[in-house]
Amino acid sequence: MRIIMLGDVVGRGGTGFVCRRLRSLRQLYAPDLIVANGENASEGNGILPTEAQALFDAGVDILTLGNHGLRRREIYPMLEDREDIIRPANLHPEAPGRGWTVFDKPGLPRVAVVNLLGSVFMDWHQSPFDAMDALLPRIDAPVILVDFHAEATSEKVALGFYLDGRVSAVAGTHTHIQTADERILPGGTAYITDLGMCGPFQSVLGVKPELAIRRLRTGLPTRFENDPGGCRLSGALLDIDPATGRAAGIQRINLE
Ligand SMILES: [Fe+2]
Ligand SMILES: [Fe+2]
């Protein structure tokens, strides 16, 4: 089974770029399922129903979120009503929506997708490690994917090893910088610390460089704006054996 996981889609530019390139991505890699992180799909963080719907219409099957996912209240009804958009599972139980879902399409094995938030520099409620221990016995699917939205590389790779052999893939998001450490862990779990970003590449994580520089140089409040420049789409292609749930391959994807 071939699965594409895409890193954080950033701003109107990133959303438009993903929508335009998804068809060629499908032709190139023939994925059975496309998962994308949409937490920054709206201008200035968060996601609105418009961007979520545009990504679904273009062919994204499942949207995951992160620390910015609940910023725009307009998305809450969609989180409650739909099963193909999920927010981190280790938020407080009062958070709207769900933290995991099952992609169930006729002719394909069931694929569970879990979204988790890291504990470093994040407003988490439950440890992502403990949250997965509690969640895994409840999941009935041969293939399990985890989008681990976290800051610290150490925490990400540690969770990868913690879940090795218990899930099919652990893919990191949030840093907007793709890492070159993709691998199959000893127990058969595909792993990458960060999928990267789908957004304006000549920018500071999607933000206009001059604005990011001003805030970092002076420490003064500076309103961030997304860079309008050319985009890059980043993610990974996973090859999973549904009979065992083990990964056979992981390959980084980058499209200019
Ligand atoms: Fe992000
Ligand atoms: Fe984030």
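1. Helices here are DSSP runs of H or I of at least four residues, strands are runs of E of at least two, and both are numbered from the N terminus.

2. Two points of reading apply throughout. This is a predicted model, in which local features need pLDDT of at least 70 and side-chain atom pairs count only at pLDDT 80 or more, while totals for chains, interfaces and linings use all residues. Residues are numbered from 1 along each chain as its sequence is written, and chains are lettered from A and ligands numbered from 1 in the order in which they are written.

3. Helix α4 (residues 128–135) lies across β6, β7 and β8 (143–149) and runs at about 155° to β7; axes are lines fitted to C-alpha atoms, for helices over the stretch in contact, and angles run from 0 to 180 degrees between N-to-C directions. Helix α5 (residues 153–163) also packs on the sheet, where it touches β8, β9 (169–173) and β11 (190–192), and its direction makes about 165° with that of β9.

4. The sheet in question is open, with six strands in the order β6-β7-β8-β9-β11-β10 and mixed pairing, two strands being paired if DSSP finds at least two bridges between them. At its edges stand β6 (100–103) and β10 (183–184), each with a single partner strand, so one side of each is left without a neighbour in the sheet. Four bridges join β6 to strand β7 (residues 111–117) in the antiparallel sense, and Val-102 has Ala-112 in β7 as its bridge partner.

5. Another antiparallel pair is formed by β13 (residues 231–241) and β14 (residues 246–255), joined by nine bridges. The two make a hairpin with four residues between them, and Gly-245 in the turn has a positive phi of about 80°.

6. In helix α2 (residues 49–58), the buried residues are Glu-51, Ala-52 and Leu-55. They cover an arc of only 100° around the axis, which puts them on the same side of α2. Gly-59, with a positive phi near 125°, follows this helix.

7. The largest nonpolar core has 65 residues, and those with the most contacts inside it include Met-5, Leu-6 and Leu-238; such a core is a set of buried Ala, Val, Leu, Ile, Met, Phe, Trp, Tyr and Cys residues joined through C-beta atoms within 7 Å. Setting aside residues up to four places away in sequence, Leu-6 touches several residues, among them Val-18, Val-35 and Leu-233.

8. For the chain as a whole, the secondary structure comes to six helices and 14 strands, and 46% of the 256 residues count as buried.

Definitions and conventions:
Buried ≥ 20, exposed ≤ 12 C-beta atoms within 10 Å, placed from the backbone. Arc of directions from axis to C-beta. Contact = placed C-beta atoms within 7 Å.
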